[in-house]
Amino acid sequence: MSRRMMVAHPRPAFRTLACPMKTDELREKYLEFFESKGCVRRPSDVLVPRWDPSVLFTPAGMNQFKDHFLGKVKLDFTRATTCQKCLRTGDIENVGRTAFHHTFFEMLGNFSFGDYFKREAINWAWEFLTEKKWLGLDSARLWVSVYTDDDEAADIWAKDIKLPPAKIKRMGEDDNFWPASAPSQGPDGVCGPCSEIFYQVDDKNEVEIWNLVFTQFNRVGAPPDNLRPLPSRNIDTGMGLERTASVLQNVPSNFHIDILLPLVEGAGDVCGLKYDAVSENGRRLRRIADHTRACTFAIHENVYPGPNKEKYVVKRLLRRAVLDGRQMGVKEPFLHKLVPLVAEMMRKPYPELADTVTRVAQVIETEESNFFGTIDAGLDRIERLFGQMKSDGREMVSGGEAAEMYTTHGFPPELFETIAAEHNLGFDWAGFDQEMRVHGEESGAGRRTELFQSGPLDALKKTMHGTEFLGYETTEAEARVVGIIAQDELLEQIDEIGHAKPVCLVLDQTPFYGESGGQVGDVGDISGKGFRFEVTDTRKDGAFALHLGHLREGRIESGAAVTARVDAERREGIRRAHSATHLLHYALQKHLGKHAQQQGSKVDRDWLRFDFSNPAAVSPEELAAIEAEVNGLVSRGAEICWRTLPLAKARETGAMMLFGEKYPDVVRMVSIGDFSKELCGGTHLDNSGQVGLFKITAEESVSAGTRRVVALTGPAALDHVRTQEAALSEAAGILRVPPGEVPNRVAALLKEVRDLKKELSSAPQAGGVTAEALLAAAKQHDGVNVVVAEASGADAGQMRQLIDQVRRKASPAAVLLGSAGDGKVTLVAGVSRELESRGLHAGKWIKAPADVVGGRGGGKPDMAQAGGKHPEKLAEALEAARREIAALLDK
RNA sequence: GGGGGAUUAGCUCAGUUGGGAGAGCGUCUGGCUGGCAGCCAGAAGGUCAGGGGUUCAAGUCCCCUAUCCUCCA
């Protein structure tokens, strides 16, 4: 993206076209046009591609086709077109400042996988842009760029399109190559030149609206001669939806198109301001609109604000937008009010947003409140800091202080600066930036995973669609070995018994369930002529089931016929837990409300963990009701069945589906009785009665707004109940009461213990020594009551109390007590406060006796404490104390 | 994944070179009082997150664990 297109401030909107094309219309026309060219229209991929570890968010239209481009999958089609929702944070600083930067945006694309190439891509782009039937843009305002030595593309623009040479600019690899600067700087791999199409708005402003990427090379190493032609050349184009809409609608900023302007103005409404495009607040409102849109989509896909990865991005976007509001004077959560408007603006292409408006708004509101809380806590801290600065005579908040407030307490520097200015104090931005750089380095630059990974399965993926799953009907089946993978390599055979690392077998078909949808993978064994392989876990890679385990006997060759046997008893437990999970999901929604949607789930052998959204802890009463509900459904013996159907049909039936989850075109729907319908690939019971018993064992928090329930089924549930029962009856036995009386008895015992403790500590004497007795033994010395005595059996606390009593009753007094026991000596000394002025110091006094017993000590002037290791010398120590106090008083 | 911070009464938090566990709010009791956080007096309430170590002595210093907050990747 070139920087020339940036404008400091968008001009106010003006409309000259009588009936400019709506954004929704543009999106539809684009897809329609490329369908007419033979492209298959595919839905937008999810915004958060959990299957792709190399990115946090979908950054471009081609992302969902990575494997297609690399020939890693068997192709069902060779031409495609999409409108893809994307999120990028690379240029986040520019959002709101320029006319064309977003975090969230949509990209219109057409793609060719070894099918059409430059000529078609260029001709069709031009046709779509200029033909009256499509966009009908004035061709005089269009010009293009091509890669410096891409004569082929330049030729097509010149000869086919008949663009004059002045309108074909040649640019270098930093502008017109993908990835940028790839020839000289890498990375190695698939790459190619590109050609950009610009629209000239006026004398000064231009907009890049379309980028055509021609992936035709494989880069190998450093130049020269490092670009090798690819046998199969691809097309990857991206047209910015918002940019093109701004051109069509003749508005100077993306933020003023029909699907964004209402949102910007709405942001003004919830902040109590009128939108003014050229003001500072205008910039803030645009940023709020953008970030809210981005977060609404991300949260819709169940990415909640959190401490790392994509969750952190959402959190940062939200807080930035809230800060903008706060800087404009808003002191209460407001962002969440914009969610319905986002859903409304995006209703045409993404109707599903409407289903989650309430939940998304609630998540945002919670985060807003948290952030306001963070700010309030920070304000207290800043108040103290300012006080300190005033007394130190400092007038500038240092970078270190600002950075600490930000990195440790989350207090935004922009707000810090504002508040400092209100107190007539400066703010050291340069120092702050420096500190943040250091912090960033300390946090370490995380290794980035390679964009295009290759694996041992790639060869298989080119020839097979995947492993056929037979596990719904059976736990045992005949199959053929199609792949053996050990140490990341595809092998023809393996005969090493007891490989240290697990080996992976791929079969053409299998009864083994690979871990997915929360259900754990199956275990069991795979055997054939002369060998046995123990399966310890089953996972999935795309449509392939990977049987992980160890060879126990013989030798396996690729192509061998095998019998695959799942541990059927374990599978039974998993089935019970999985069906019970669906029952629980239903019961939670019935008792807590529709918002109690699944957030995550783990299904193991007669054990399940279920996370769901709920604002607060589930009360014990509600929990009991939910458990009873599930057991009621179990005893009803409802039939469980499943069928496959098109995704759209499934949605119509109202089946439970997870928002933002990537579902295939044909889905499997599991129904229990007439109440539960969920899209699910897991293995289930035939009848709900087979669950046996359902027992909730825990309810806890996972993160803000999400609760977790852990439960057991079948034999495990029964075991759990029995264990609890046994513990209770054992306790009852010890207490010699019936089990029902245990709580009362324990409460009574606790009270008794507490009362006895209190009685003991408030006893007027400790170790047989009383304050009165000590007073009686007091010796007058120079008008001071001096008491030095042994208080055997008293601990330090009790001796302190005794000293206090003596001091109160016979001030002025100097008291030192000692007690011996268990190999050590404890000494405590105290003097009346008025004696401090005579130079008396308990801490100094106590040193003399402490020396005698081989210890040290110290304390405050009026009370000190010491200890030693020679109990037998206590008497000697006390004598030393008497001498010392006499000396001190005589001074 | 890394850095910083927190964890003390029901809640919000103080707690200085290691040496008597505190405040405000809330609760309870008694008294006073026409109001908007009523006022006065008194009381109850603590495994200072858990575990280990250093020390005569640890809320305080060191190590480990857990949970939470926060920034960065």
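**Figure 1. The domains of chain A.** Domain bounds, as used throughout these legends, come from an automatic or database domain assignment. On that basis chain A is divided into domain 1 (3–252), domain 2 (265–373), domain 3 (395–446), domain 4 (458–566), domain 5 (571–721) and domain 6 (771–890). The C-alpha centres of domain 5 and domain 6 lie 70 Å apart. This is a predicted model, in which local features need pLDDT of at least 70 and side-chain atom pairs count only at pLDDT 80 or more, while totals for chains, interfaces and linings use all residues. Residues are numbered from 1 along each chain as its sequence is written, and chains are lettered from A and ligands numbered from 1 in the order in which they are written.

**Figure 2. Helices α3 and α4.** Helices (H or I, at least four residues) and strands (E, at least two) are DSSP runs, numbered from the N terminus. Helix α3 (residues 118–130) packs with helix α4 (residues 151–160) at an angle of about 45 degrees, their axes being 10 Å apart; that makes α3 oblique to α4. Axes here are lines fitted to C-alpha atoms, for helices over the stretch in contact, with angles running from 0 to 180 degrees between N-to-C directions, and angles under 35 degrees count as roughly parallel, over 145 as roughly antiparallel, 65 to 115 as roughly perpendicular and the rest as oblique. The contact (C-beta atoms, placed from the backbone, within 7 Å) is made by Lys118, Arg119, Ile122 and Asn123 of α3 together with Glu152, Ala153, Ile156, Trp157 and Asp160 of α4.

**Figure 3. Helices α1 and α7.** The axes of helix α1 (residues 23–36) and α7 come within 10 Å and cross at roughly 115 degrees. On the α1 side the contact is made by Thr23, Leu26 and Arg27, and on the α7 side by Leu241, Thr244, Ala245 and Leu248.

**Figure 4. Two cis peptide bonds.** The peptide bond from Trp178 to Pro179 is cis, with omega near -5 degrees, and Pro179 is placed in the loop between β6 (177–178) and α6 (182–185). The bond from Pro223 to Pro224 is also cis, with omega near 0 degrees, and Pro224 lies in the loop between β8 (206–219) and β9 (227–240).

Figure 5. Asn250, although not a glycine, has a positive phi of about 55 degrees, and its place is in the loop between α7 (241–248) and α8 (261–271). A residue is buried if 20 or more other C-beta atoms lie within 10 Å of its own, exposed if 12 or fewer, and partly exposed in between, with C-beta atoms placed from the backbone. Asn250 is partly exposed, with 14 other C-beta atoms within 10 Å. Lys309, found in helix α10 (residues 309–327), has a positive phi near 50 degrees and counts as exposed, with 11 C-beta neighbours inside 10 Å.

**Figure 6. Trp143 in strand β4.** Trp143 lies in strand β4 (residues 142–147) and is partly exposed, with 19 other C-beta atoms within 10 Å. Not counting residues up to four places away in sequence, Trp143 touches Lys167, Phe198 and Gln200.

**Figure 7. Helix α23 and its surroundings.** Helix α23 (residues 796–809) has 14 residues. The buried residues of α23 are Gln798, Met799, Leu802, Ile803, Val806 and Arg807, and these pack against α22 (771–776), β31 (784–790), β32 (813–821) and β33 (824–831).

Conventions
Expected span 1.5 Å × (residues − 1). Contact = placed C-beta atoms within 7 Å.
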